[in-house]
Amino acid sequence: METGLNQVKNPFTSMERRGMCRLVFLFIFFSLAYSYYSGTLLHQLCFPVLKFPYVDPTYWAIHLLKIPEWLTQNFWPAFGFDAVLVATCLLCIFFPDRRWLIAVFFILYFFYFISFNSYSTLHTHSKIGILMMPVPFIVFRNKSFTFLWEGMRYFTLFVYADAFLWKLFRNTFMNWEQGGLIIKANLTPYLYFHPSSFQTSFYTWLLQHDHVAGWLFNAGMLMEASFLIGFFTKKFDKYLFVFSILLPAGFICFADAFFFELTILSLTLINFRAYRGNIGLSPR
Amino acid sequence: MKQTYLSALYTYDKKVFSFVAVFATLTVFCNLMGKETTPFFVWGMYSEKFKPVKTYEIFRITINDSVLLDSYSGYSDNTRTFLNAPLAYYREMKDYKIDPTISFLKNKLKTKYAWLSPFQKKLFNSYNQKNFMNWYRCYLERVTGAPIHAIKIDVLRTQFNEDQHLLTDSSYLFETWRQD
């Protein structure tokens, strides 16, 4: 962890912070637009009847307060909530200095996150990046922001390093069938509905050569392992950035899991200081 | 000596340091326990060992007695999640007439589950065929953009042959809904 002094001596400037905030919220706006297109904003859910707090105490607390129920069981509160959620996101792009707007967005998105995961009956991790990324922008001082942005970088490293460690300690890498079995478990409906597509031919070939699927799975695991290096040096961040895009691309190809929202975390691996003087991020 | 991120943060601002340190510690703790508590997430992505199974089951949804729903054509991943995951959960509820989370907790907590009983209604679901199918019809209408007067859901049992081609083994009618 050699980067400690860098935050103290060289914090982001207000201009840089504004540019980064706009970039983050632009990404979030696309994520919300995707939710609208998907019919998964709260007012589009048709008053869902099955909830899934599972065994997560935070979900339990929010459901005991009946917040998701109130937000989804009546059209106008749901519509109003979605409208304010999208509006605050847009306002954060136009007014990145209004920290209270960012705080309001964070709270609203938290309730959206819980409601989405509970009523989809699937606690997906893809939206976690969107939930976490606004946090550094809430603090007042640029130095604090710089430290928290750096903290988000460590969070990004942790996400993938943790995924590697889980596979390591569960010996998953020894299971050479894992790649093929993930394809079967997640893509069987696709293979059924599209028996003669190019993708189906490719998946069938992979299943016939399951050692290739196994190698691909282990290659992904090695990519995840490489994020451990990021805890000690920033030298390889550009490669980690590429891996942080490739891994979600792998999830969609081989597990039918669309994790594009998680790639917002990849922004923390970009050296924004290198662009000083460019793209409107002028030096202090 | 090089200053680390945490030591620099501690020197700079103890409040921000405490926030980061508590978040990091609880995240590591939840990972060690294997228990996710939002926002302390566990990133076990596909680390659980998948075991070979003989059959893979698929929902085949027929709308208005004629249109087969293919959620892989023109529907986003989010939409597909809402079309499939609640249906799969409902199926488990229908099979066992109880919310699967309640069964899981009863097995895990044994007699201690009694502590949760007062909250059961607020936290978990009770099986109600009419409510679920009415919701499913409404959501299907929204995402397909077509009025729906009938839904038929079959469960197909499929398996992979030696050449890894998918074959349908058998099927059964799981659920139907028709407008009164």
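Start in chain A, at the end of helix H2(A). The residue that follows H2(A) is Gly39(A), and its phi is positive, near 75°. This is a predicted model, so every value here is computed from predicted atoms. Now look back along the helix. H2(A) has 25 residues. From its first C-alpha to its last it reaches 36 Å, close to the 36 Å expected at 1.5 Å a residue. An α-helix has 3.6 residues a turn, so residues three or four places apart point the same way.

Next, the aromatic rings. Over all chains, the structure holds 52 aromatic pairs. One of them joins Phe25(A) and Phe105(A), with ring centres 5.3 Å apart and planes at 80°. Planes over 60 degrees apart count as edge-to-face, so this pair is edge-to-face. The pair links distant parts of the chain. Phe25(A) sits in helix H2 (residues 14–38) of chain A, while Phe105(A) belongs to helix H6 (residues 99–119) of chain A. The two are 80 residues apart. Both Phe25(A) and Phe105(A) are buried.

Rings also have charged neighbours. In chain A, Arg273(A) lies over the face of Phe12(A), 4.2 Å from the ring centre. In chain B, Arg80(B) lies over the face of Tyr72(B), at 4.4 Å from the ring centre.

Stay in chain B and find the sheet. Four strands form an open sheet, in the order E2-E1-E3-E4 (chain B), and the pairing is antiparallel. Which strands are at the edges? They are strand E2 (67–68) and strand E4 (166–178) of chain B, and each pairs on one side only. Helix H3 (residues 77–96) of chain B packs on the sheet. H3 touches E1, E3 and E4 of chain B, and its direction makes about 80° with that of E4(B).

What holds strands side by side? In general, strands of a sheet pair through backbone hydrogen bonds, either parallel or antiparallel. Here, strand E1 (residues 56–63) of chain B pairs with strand E3 (residues 150–160) of chain B over eight bridges, in the antiparallel sense. You can trace this residue by residue. Ile61(B) has Ile153(B) in E3(B) as its bridge partner. For Glu57(B), the bridge partner in E3(B) is Arg157(B).

Now turn to E3(B) and E4(B). These strands pair in the antiparallel sense over eleven bridges. Ile151(B), for instance, has Trp177(B) in E4(B) as its bridge partner. E3(B) and E4(B) form a hairpin, with five residues between them. In the turn, Gln164(B) has a positive phi of about 65°. Is E3(B) largely enclosed or open? Eight of its eleven residues are buried, so E3(B) is largely enclosed by the rest of the structure.

Finish with two threonines whose contacts include residues of the other chain. Thr172(A) is found in the loop between helix H8 (142–169) and helix H9 (178–193) of chain A. Its relative accessibility is 0%, so Thr172(A) counts as buried. Leaving aside residues up to four places away in sequence, Thr172(A) touches several residues, among them Phe217(A), Tyr46(B), Ser47(B) and Lys49(B).

The other threonine is Thr101(B), in helix H4 (residues 100–109) of chain B. Thr101(B) is also buried, with a relative accessible area of 2%. Not counting residues up to four places away in sequence, Thr101(B) touches Phe52(A), Tyr54(A), Tyr89(B) and Phe124(B).

Terms used
Residues are numbered from 1 along each chain as its sequence is written. Chains are lettered from A and ligands numbered from 1 in the order in which they are written. This is a predicted model: local features need pLDDT of at least 70, side-chain atom pairs count only at pLDDT 80 or more; totals for chains, interfaces and linings use all residues. Side-chain values use heavy atoms; hydrogens and water are left out. Rings of Phe, Tyr and Trp (its six-membered ring) pair if their centres lie within 6.5 Å; planes under 30 degrees apart count as stacked, over 60 as edge-to-face and the rest as tilted. Buried means under 20% relative accessible area, exposed over 50%, partly exposed in between (1.4 Å probe, protein chains only). A charge sits over a ring if NZ of Lys or CZ of Arg is within 6 Å of the ring centre and within 35 degrees of the ring normal. Two strands pair if DSSP finds at least two bridges between them. Contact means heavy atoms within 4.5 Å. Axes are lines fitted to C-alpha atoms, for helices over the stretch in contact, and angles run from 0 to 180 degrees between N-to-C directions. The expected span of a helix is 1.5 Å times one less than its number of residues.
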